[in-house]
Structure formats: structure tokens, C-alpha cells
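Visitor: I'm new to this one. Can you put it up and walk me through the pockets and the ligand?

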Amino acid sequence: MAKRVVLAIDGPAGAGKSTIARTLAERLGYIYIDTGAMYRAVALWALRLGVALDDSHRLERLALESNIEFAPGASTVLLNGEDVTEAIRAPEVSEAASKVSAVPAVRRALVAAQRRMAQGTSVVMEGRDIGTVVFPDALVKVFLDAAPEVRTARRVQDLAARGETQTQADEVARQMADRDHRDRTRPEAPLVQAPDATYIDSSALPPDGVVEAILKLVRAKTSNGGIH
Ligand code: C5P
């Protein structure tokens with residue numbers, strides 16, 4: 001019988017996780033789950049309600065009560081039925097998400113939701129702790145990285161695509177460095193490469209090259225066991 005596959009993609013901001021994970025999900029016919037969008041959705045809700053970003057009790061309630069959905073086949077994110085796809089990409093939400101995600105109770109609630117979403121179905125799940133905490137037994141684990149200047153340039157490009165051209169590159173670099181530092185040094189589920197993950201540096205590789213390299217890993221793991 002076909003077994004469900006978890007393909008875990010972790011790494012810092014700007015490493016290219018979303019583009020790669022979305023393409024892989026399309027190519028493989030798996031469900032794509034962007035766990036960063038879930039932390040962003042909770043952060044957006046907290047900002048709207050004026051909940052302090054260190055109020056773990058109220059943040060936990062929001063995380064438990066939030067209904068976060070990904071519209072199938074699209075990159076639409078719904079929070080309690082509302083389309084928040086654009087709203088969660090605002091710079092203040094990035095900053096808030098990085099703080100909210102350090103709260104252990106928030107992580108517990110969202111990790112449980114992430115595991116439920118992957119029940120009985122093959123997924124490409126991207127985040128910071130997928131291969132270490134959410135699915136330590138994932139069949140394929142990738143740690144996707146890129147040089148800091150490449151990651152900054154990508155983020156500046158993303159912001160420009162959203163019409164935000166005011167932020168200077170050195171300001172973007174500083175904000176990304178802050179977020180990365182917080183993600184890598186928090187006590188709960190820090191950003192760290194799983195020992196059995198494959199490290200891929202996307203600095204000089206085009207997205208197609210990264211996708212092909214990961215598809216090769218998936219094929220190598222699935223070709224013998226009838227897994228698909
Ligand atoms: O991936 P993205 O930049 O959208 O994630 C937003 C924030 O959510 C990150 O800065 C990180 O702090 C947090 N996050 C996390 N664990 C995940 C995914 C995201 O802590 N699995």
C-alpha cells in the first residue's frame with residue numbers, strides 16, 4: 001500500500017523555501033504547507049487585537065482558536081475564513097511572527113495543527129523546525145540555505161513586488177539578521193539543521209536546479225518501497 005510521504009524543508013528567511021516547496025508540491029502532487037504563514041496569521045490576529053507579543057497566555061488562546069486554512073492549489077491563506085494572504089506579508093507582521101513563534105505554547109498549538117494537516121496525506125512542509133520537531137521521522141529532509149547578501153536581495157525583491165520600495169537594503173538586512181538570530185537562539189525549537197537533513201546552498205543555484213536536486217532525493221527514497 002502507498003505510504004504517505006513527508007518532505008520537510010527548513011532554513012532561514014530568504015533561502016527560497018516557498019518557491020521551491022510550492023513547485024515540489026505541484027510536481028509531486030503533494031499538499032503544500034507553509035508553516036511560517038501559520039505563525040504570521042497568529043501574529044496578525046494578535047496585532048489586530050492589541051495582544052502584547054509576550055503575553056503567552058493570550059497568544060496561546062489565539063493559536064488554539066485560530067482556524068488557519070490553505071486553499072488547495074493556490075497560495076491563499078485563510079484565517080478564520082478571511083483571506084489574509086497579503087496582510088500576513090507586511091513587514092510588521094514578519095517582525096511580530098518572529099516574536100510570537102518564540103512562545104512555547106504557541107508552538108505547541110501550531111505544531112499540533114501542522115501534524116493534523118498532514119494526517120494521511122503526502123505533504124511538502126516548509127518552516128524552521130519541520131525536520132527536527134514537527135516530523136523528526138520525515139522521509140526526506142532538506143536544509144535550504146543561501147548567503148546573507150543573496151537572502152537580503154531576495155527579500156528586497158519580494159518587498160518591491162508588493163510595492164514597498166521605501167525600505168533600504170541595509171534596513172532589510174538588519175531586520176532579517178534580527179529575525180534569524182531570534183529563530184536560531186530561542187530555547188524552544190530553534191532553527192537548526194537536523195543531523196539527517198541534506199544541506200543545499202541555493203545562492204548560486206537557479207530554482208529549477210534546487211527542485212531537481214530535491215526530486216532526486218525523493219526518488220531515491222521512494223523508488224523501492226512503492227511509496228508515492
Ligand atoms: O517562513 P516565514 O518567514 O514566513 O516565517 C515567519 C516567522 O515564523 C519566522 O521568522 C519564524 O520566526 C517563524 N517560524 C517558526 N517556525 C516555523 C515557521 C516559521 O518559528 N516552522
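Visitor: What is the volume of the second largest pocket?

Guide: About 180 Å³. A pocket here is an open set of points on a 1 Å grid over the protein atoms alone, with protein on both sides within 12 Å along at least five of seven lines; lining residues have an atom within 4 Å of a point. Points are joined across faces, edges and corners, and the volume is the space filled by probe spheres set on them.

Visitor: Before we go on, what kind of model is it?

Guide: A predicted model: local features need pLDDT of at least 70, side-chain atom pairs count only at pLDDT 80 or more, and totals for chains, interfaces and linings use all residues. Residues are numbered from 1 along each chain as its sequence is written, and side-chain values use heavy atoms, with hydrogens and water left out.

Visitor: OK, back to that pocket. Which helix gives the largest share of its lining?

Guide: α5, with six residues. Both α3 (56-65) and α5 (104-117) supply at least two. Helices are DSSP runs of H or I with at least four residues, strands are runs of E with at least two, and both are numbered from the N terminus. Among the lining residues are M38, L64, I68, L110 and M117.

Visitor: How does the lining divide by class?

Guide: Nine nonpolar, two polar and one charged. Ala, Val, Leu, Ile, Met, Phe, Trp, Tyr, Cys and Pro count as nonpolar, Asp, Glu, Lys and Arg as charged, and the others, Gly among them, as polar.

Visitor: What distances do the polar side-chain atoms of R179, D183 and R186 have to ligand oxygens?

Guide: For R179 the distance is 2.8 Å, for D183 2.6 Å and for R186 2.9 Å. The protein buries 97% of the 450 Å² that the ligand exposes when taken alone. Those areas come from the Shrake-Rupley method with a 1.4 Å probe.

Visitor: How many cavities of 30 Å³ or more does a search find?

Guide: One, in the whole structure. A cavity is a set of points where a 1.4 Å probe fits but cannot get out. The largest cavity has a volume of about 40 Å³, and its lining includes A8, D10, K141 and V192.

Visitor: Last one: how many helices and strands are in the protein?

Guide: Nine helices and eight strands. The C-alpha atoms fill a box of roughly 50 × 40 × 35 Å along the principal axes.

Key: Polar contact = N/O pair within 3.5 Å; in protein donor to acceptor, adjacent residues only side chain to side chain.
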